[in-house]
Amino acid sequence: FFSPMASNESNPWIQEAHHDWPILLVLTIVCIILRIVLIHVILKPRYAAAGVPQDKLKSICDHTMKVAIHSVLLVLGWAVVPFEDWFSWTSSAGVWHEWEQQTFSQPLKWYYYMQGAAACSAFCFHFLEEKKKDFHLMMFHHVATITLIVGSYCYACLHIGTLVLFSREFSDVCIHAAKVGSMLGPRYSNMTVAWFASCMISWIPLRLICFPILIYVASVGSMGPVERHPNLGGCWWFCTVGLSLLVPLDWYYFVIGTQVGIRKLKGGKLEDTRELKKAN
């Protein structure tokens with residue numbers, strides 16, 4: 001799908017990036033194997049011994065693995081991104097500076113590989129998890145995420161792609177940790193509330209504010225390279241539209257989270273209604 005850009009001489013990276021797909025494939029297979037082994041060898045026996053009901057066993061193992069995966073990616077992000085030469089907390093100038101001559105460090109590339117492998121493995125396991133009400137929405141989310149990761153890698157847009165991935169990781173850790181706590185029962189209610197509150201508080205600045213700003217940086221900042229290299233026009237539309245489609249999803253899940261929080265304040269349970277299986 002991305003191979004036509006391999007002949008574009010505007011950036012040397014583009015000519016080589018499409019050869020790296022075996023790395024992503026191997027890492028994805030490793031992630032899938034590790035996930036299966038950890039769930040069946042460690043998590044299921046321990047949760048069963050702790051008295052977790054059988055009907056919640058599969059779901060709690062899935063969410064625990066998601067906590068572990070996103071935590072690893074979050075730590076990797078903090079270990080790599082702030083130390084990149086182009087990164088700045090106050091300016092986006094380095095994202096597109098001298099795009100034609102940009103090179104990417106090995107730590108940044110491996111961070112991208114890990115993000116891609118995690119997204120691909122999540123897509124595979126999506127078919128094995130319990131079907132929730134938003135099954136198709138999450139399917140779209142997985143497909144969009146994988147496509148954007150692979151596309152931005154092939155089109156030498158690792159800088160803006162890294163910022164997008166880095167900004168979204170913390171909320172994922174919090175929401176899955178809250179789900180694990182809610183399934184463990186009242187004994188962990190305080191932990192559940194703390195993780196849920198952290199998710200909702202971080203969701204507003206990171207996903208509802210920073211993420212649209214990053215889309216603006218991606219679309220406007222890339223117009224210079226697009227004007228100099230018209231072949232990148234398709235990449236511009238692809239990335240801008242793809243990122244923009246994720247914004248309604250962020251608002252949708254924020255509304256769901258707000259409803260859950262309001263229900264908790266009224267004395268109800270802090271639980272995700274999406275965990276209920278579809279009728280039939």
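Figure 1. Residues are numbered from 1 along each chain as its sequence is written, and side-chain values use heavy atoms, with hydrogens and water left out. The model is predicted: local features need pLDDT of at least 70 and side-chain atom pairs count only at pLDDT 80 or more, whereas totals for chains, interfaces and linings use all residues. The protein chain has 10 helices and zero strands (DSSP runs numbered from the N terminus; helices are H or I of at least four residues, strands are E of at least two). Of its 280 residues, 50% count as buried (under 20% relative accessible area; exposed is over 50%, partly exposed in between; 1.4 Å probe, protein chains only).

Figure 2. Residues 64-81 are 94% helix and 0% strand, with end C-alpha atoms 25 Å apart. For residues 140-161 the figures are 86% helix and 0% strand, and the end C-alpha atoms lie 18 Å apart.

**Figure 3. Packing of helix H3 against helix H7.** H3 (residues 54-80) and H7 (residues 158-184) pack at about 150°, and their axes are 8 Å apart (axes are lines fitted to C-alpha atoms, for helices over the stretch in contact; angles run from 0 to 180 degrees between N-to-C directions). The two helices are therefore roughly antiparallel (over 145 degrees; under 35 is roughly parallel, 65 to 115 roughly perpendicular, the rest oblique). Residues of this contact comprise 12 nonpolar, seven polar and five charged (Ala, Val, Leu, Ile, Met, Phe, Trp, Tyr, Cys and Pro count as nonpolar, Asp, Glu, Lys and Arg as charged, and the others, Gly among them, as polar).

**Figure 4. Side-chain contact of Gln 115 with Glu 169.** Gln 115 is in helix H5 (residues 106-126). Its relative accessibility is 5%, so Gln 115 counts as buried. The side chains of Gln 115 and Glu 169 make a polar contact at 2.9 Å (a pair of N or O atoms within 3.5 Å; within protein, one must be able to donate a hydrogen and the other to accept it, and residues adjacent in sequence count only if both atoms are side-chain atoms).

**Figure 5. Ala 156 in the loop between H6 and H7.** Helix H6 covers 135-154. Ala 156 has a positive phi, near 60°. Most residues other than glycine have a negative phi. With a relative accessible area of 1%, Ala 156 is buried.
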